[in-house]
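Subject: Structure handover

Hello,

The sequence and structure are below, followed by notes on what was found. Please read the notes with the model open.

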Amino acid sequence: MTAILSARGLTVRYPGARRPAVENVSFDLSVGSTLAVVGESGSGKSTIALAISRLLDPAVEIRADLLTFEGRDLLTMDRAGLRRLRARRIAMVFQSPFGSWNPTRTIGAQLTDGLRAAGIWPSGRDRLLTLLRRVGIHEPADRLRDYPHQFSGGMLQRAMIAGALVARPSLLIADEPTSALDTTVQAEILDILDELRDEHQLALMLISHDLGVVARVASSTLVLYGGRLVESGPTTALYRNAGHPYTRALLAAAPRLDGPRKVRLPALAPGPVVDHGCAFAPRCPQAESRCAETTPGLRPVSGLNVACHLAETPRST
Ligand code: SF4
Ligand code: MG
């Protein structure tokens, strides 16, 4: 499948920051697939989303050897082009259902804003109602007159997903779309995203701090630590064979949607920023002296790409 979104060596640095928030990250995403971007808060995952949609302040430095969407260079695109792209081709769903809605305006008024921005008001109204029904909002024409406080968190996320898809985007970026919701609702929302991806021929980027959540729907996964890619590859291989100690810690600590977590590890506390060597070294149970000196590069190991000095394909001798 051809990638509609490609990044090579994506690096993002906030003004005055000592280290880039995102450093040398590469990935491809195709229509019909889901790419999960996983890491703790501060790992750079939301920054990747904001860099793709070019929603970062112009003072933020974005560099890449390649950053393209539907064959067009996102780095050189002018503001008008980016605005059109965000209104029509790239849709985003954010974490907090309540924070994303203005409490003083009706759901309908706010969804209409999106249709206007995409240039499809009033022609898109029927499609919006169909999508609202599709995501499980009954009597949508009536519910559009409601205010956000009259919706549950899950319903607000459903409405946001419907609103995100009305302009027929090809890329949907969902940044922690379920983390404010309880477990049952989380699973329902993820299933909806998964189904809509196929029905609407979408590429889905799913950002989460929780590997257990993304495993349900993501075909491939990027694991970020301290702004760097520490492991990437097919999600099933990652589950079976994670090569990076950080991925293994995340897996062991991940709550499962299908039952209680198997291992309960103490929560990982954010580590100090390091200037040399492996960013995970201050927290890594397997760290050796070379880890603090040399930065491990990504290497292919057992069907995954792993940035760890110790990750090796098992030798036959
Ligand atoms: Fe741990 Fe060293 Fe591997 Fe980093 S390179 S994850 S510190 S073993
Ligand atoms: Mg975030």
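Leu 165 is a buried residue, because 21 other C-beta atoms lie within 10 Å of its own (buried means 20 or more such atoms within 10 Å, exposed 12 or fewer, partly exposed in between, with C-beta atoms placed from the backbone).

Before the rest, the conventions. This is a predicted model, in which local features need pLDDT of at least 70 and side-chain atom pairs count only at pLDDT 80 or more, while totals for chains, interfaces and linings use all residues. Residues are numbered from 1 along each chain as its sequence is written, and chains are lettered from A and ligands numbered from 1 in the order in which they are written.

Leu 165 belongs to helix α6, residues 153-165 (helices are DSSP runs of H or I with at least four residues, strands are runs of E with at least two, and both are numbered from the N terminus). Apart from neighbours within four places in sequence, Leu 165 is in contact with Ala 91, Leu 131, Leu 196 and His 200 (contact means backbone-placed C-beta atoms within 7 Å). Met 92 is 73 residues from Leu 165 in sequence, with 9.3 Å between their C-alpha atoms.

Domains: the assignment gives domain 1 (3-89 + 170-265) and domain 2 (104-168), with bounds from an automatic or database domain assignment. Their C-alpha centres are 25 Å apart. Across the boundary, 13 residues of domain 1 are in contact with eleven of domain 2. On the domain 1 side, α2 (79-88) and α7 (183-199) are the elements that give two or more residues, and α7 gives the most, six. By class, that side has ten nonpolar, one polar and two charged residues (nonpolar: Ala, Val, Leu, Ile, Met, Phe, Trp, Tyr, Cys and Pro; charged: Asp, Glu, Lys and Arg; polar: the others, Gly among them).

Core: the largest nonpolar core has 91 residues, of which Leu 171 and Met 205 touch the most other members (such a core is a set of buried Ala, Val, Leu, Ile, Met, Phe, Trp, Tyr and Cys residues joined through C-beta atoms within 7 Å). Helix α6 supplies the largest share, eight residues. Both domain 1 and domain 2 give residues to this core, so it lies between them. Beyond four places in sequence, the contacts of Leu 171 include Ile 4, Leu 5, Phe 69 and Met 205.

Ligand 1: there are 14 residues around it, and Cys 278, Cys 284, Ala 287, Cys 291 and Cys 308 come nearest (a residue is near if its backbone-placed C-beta atom lies within 6 Å). The shell has ten nonpolar, three polar and one charged residues.

Regards

Note on methods
Two residues are in contact if their C-beta atoms, placed from the backbone, lie within 7 Å.
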